[in-house]
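Open the structure in your viewer and keep the sequence panel beside it. This tour tells you what to select, one stop at a time.

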Amino acid sequence: MPKIEANSVNYNSIIGSDFKNVASSRKGPRHHSPLIISIAASLIGVIIVSVVLAHSNQSTLAKVNLSNTAVNSTAKEIPLAQKTVADRIENQVIWIAEKPTALSVATFAAEELALAAEEIQAMPVVTPLEEVTRVTIEVKKGDTLSSIFSELDIHTELTRLLNLGKDAKPFKKIYPGQKLHFLFGASGLNTIELEKSITKSLFLYRNDESFIVEEAHRELNKISQVATGTINNSLFLAGQNAGMSDGLIMDLAGIFGWDIDFALDIRKGDNFTVLYEELYLEGEKVRDGNIISAEFINNGRQYRAFRYTDSHEKTEYYSPDGKSMRKPFLRTPVNLARISSYFNLRRKHPILNKIRAHKGVDYAASTGTPIMASGDGKVVHRGKKGGYGNTVILRHGNTYTTLYAHMSKYAKSTGVGSSVRQAQIIGYIGSSGLATGPHLHYEFRVNGVHRNPLKVKLPSAKPLPDSEMDRFQASIQPLVVQLDAYTQNALVMRDL
Ligand SMILES: [Zn+2]
C-alpha cells in the first residue's frame, strides 16, 4: 500500500479541480477499490490536518491549498462566487475552517470520503497542478503600494484597489514594518490581506473586476499578573527589578503622579504592588495591558487606585472611596526638568543680587521643552511681562490662577480668551526676561495669594456620584481582596 505523506501530497493534482466533471461522473454505480478508498481517506486526513494547522499556526502554511480566509476566525460568510481559484473541495475546507466543530469535520469527512474516491476514478491520470501561493511582503522604508504591486507584477490590480475609494484608504497609508499578504490562484490574484495591527486585518477578496472589503479582528487573551517591589534608588529601577516594562512603570507613575511627586517625595523603602493585564495572541505575549489596581506606600502612607468603567463607559482610576486619582491640577507643569529654585520669600535674586521673594518654583530644562497647562482653564494673559519675559497666565474657575514665565515661544491656539485642557501644551521653555538660563518659572495663586506650588493642598477631584457608588464598590471588591492578599504576602516576604 503506498504511503502518502502530508507534506508531499498535492491533492488537487489527483482529485482535479473541475467540480462539474465530478458531479457528472457520480451517475451510475461504481466500484471502489480498497486502495483508492484508502488514498481518499489519507487525502481527507491531509485536508483536515491542514485546516487544524491553519487554525493553530498560520505561518506553517506555505503551500497548503487554503485561502487565507480560512485562518481568519472572525471573518463571516465568504461568498463562494468570489473563490475564483478554489474548487469545490477547497470551498468545503474553508467552510469547515469557519465553523470548525468536531461534528462538522466528521460529517464532512464521511461525505467527502465517498465523493473523493469517485473523483479519483473519474479524473484522468494527469491533471494540471493548481495551487494557491501566498506571498508576504513586509513594507520597507521607501516602499509604495505602486512599487510593491509592480514588484509582484500585478500593477493592474492596483487600479482596481484604488477604485475602491475610501475603502482603499488604509492601503494608501502603509508604513515600514507592516505586512501585506497576497494569495495567488490559477487565475491570478485572489486575496490581499493588510495587517493593520496585531489584532486587525483588512481583507480584499477579488470579485470580478473589483474587490470585496472586509475587516477582521483577532481577540487578545488577557492574563492577570502581579508585580511588587521596594524602592532603593528610584521607582524606575525598582520597577525593572520587579520585571515591569518601562511602559508599565510609566503607567504606574501616571496613576499616582497626582498624589506623589516621583522626583521629590520618594523615600528608600517605599513599595508598590501592581495588578495588571498581559495580552497574549496564540500563546505569545504581545504586550502589557492595563493596570487593574495598584498600591503605593510612600513614606508610610498608603495610596490605592482601582480601574473602573462607570455606567457611562468612562474609565478612570479611583481611590477606594471613589475619588478620581486625576486631580484638577498637575503638581508639575513640565516633564523632564529639575527644580533649580524653590519657593522662597527671602531669596537673594541671582541677577539683581538683592533679597527678592521668589514666589514660584523654577524648573530647568533645555530651551524648547514643552510646558503644560497644570489644569483646565482660560488664558487671561499671553505676552511680555517685565522680568518674566514671555508669560502665560491661566485662570481656573474663580479661585485659582497659574503663571508660566520665561517662555521661548507660545503654543498655537492659546491666545487670550482661549480655553485649555489640563496637560495641553501652552508654550516652550526659554530664557526670555530676567533669566540666567532656560527654565520655567511657575506660580500658583489661590484667591490672588502666591502659594508654594510644591506644597499647596491641591483641590481634590469630585468623587463618583452617589448613584454610581454601589456599582463601584461591588466592582472593586474582588480587587481589594486580591490586593490585600498580595500586599500581605509581599510584607511577609520582606520581613523574612
Ligand atoms: Zn523663578
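## The whole chain

Among contacts in the chain between residues at least 6 apart in sequence, 63% join residues at least 24 apart. Two residues are in contact if their C-beta atoms, placed from the backbone, lie within 7 Å. This is a predicted model: local features need pLDDT of at least 70, side-chain atom pairs count only at pLDDT 80 or more, and totals for chains, interfaces and linings use all residues. Residues are numbered from 1 along each chain as its sequence is written.

Colour by secondary structure. The chain has eleven helices and 20 strands. Helices (H or I, at least four residues) and strands (E, at least two) are DSSP runs, numbered from the N terminus.

How many of the 496 residues count as buried? The share is 31%. A residue is buried if 20 or more other C-beta atoms lie within 10 Å of its own, exposed if 12 or fewer, and partly exposed in between; these C-beta atoms are placed from the backbone.

Select residues 133–138, which are strand E1, and 179–185, which are strand E2. E1 and E2 pair in the antiparallel sense over six bridges. Two strands pair if DSSP finds at least two bridges between them. Strands of a sheet pair through backbone hydrogen bonds, either parallel or antiparallel. Click Val135: its bridge partner in E2 is Phe182.

A hairpin of two residues links E2 to E3. His181 has Glu193 of E3 as its bridge partner. Leu183 stands opposite Thr191 in E3.

Is E3 enclosed or open? Six of its eight residues are buried, so E3 is largely enclosed by the rest of the structure.

Next comes strand E4, residues 200–207. E4 runs antiparallel to E3, with five bridges between them. The hairpin from E3 to E4 passes through four residues. Find Leu194 and its bridge partner in E4, Leu202.

Finish with E5, residues 210–217. E4 and E5 run antiparallel, joined by eight bridges. Phe203 stands opposite Glu214 in E5.

Now show the five strands together. They form an open sheet in the order E1-E2-E3-E4-E5, with antiparallel pairing. E1 and E5 stand at the edges with a single partner strand each, so one side of each has no neighbour in the sheet. From one strand to the next, the twist averages 20°. Axes are lines fitted to C-alpha atoms, for helices over the stretch in contact, and angles run from 0 to 180 degrees between N-to-C directions.

Select E7 (residues 271–281) and E8 (residues 284–298). Ten bridges pair them in the antiparallel sense. Val274 has Ala294 in E8 as its bridge partner.

## Stop three: two nonpolar cores

A nonpolar core is a set of buried Ala, Val, Leu, Ile, Met, Phe, Trp, Tyr and Cys residues joined through C-beta atoms within 7 Å. The largest one has 31 residues. Leu252, Ile255, Val274, Ile291, Ala294, Ala305 and Tyr318 touch the most other members. The elements giving two or more residues to this core are helix H9 (235–241), H10, E7, E8, E9, E10 and helix H11 (466–495).

Centre on Leu252. Leaving out residues up to four places away in sequence, Leu252 touches Gly239, Phe272, Val274, Ile291 and Ala294.

Then select Phe329, Tyr388, Tyr410 and Ile429. They belong to a second, separate core of 28 residues.

## Last stop: Glu316

Click Glu316, in strand E10. With 16 C-beta neighbours inside 10 Å, Glu316 counts as partly exposed. Not counting residues up to four places away in sequence, Glu316 touches Tyr308, Ser324 and Arg326. Finally, draw a distance from Glu316 to Phe306: they are ten residues apart in sequence and 8.1 Å apart in space, C-alpha to C-alpha.
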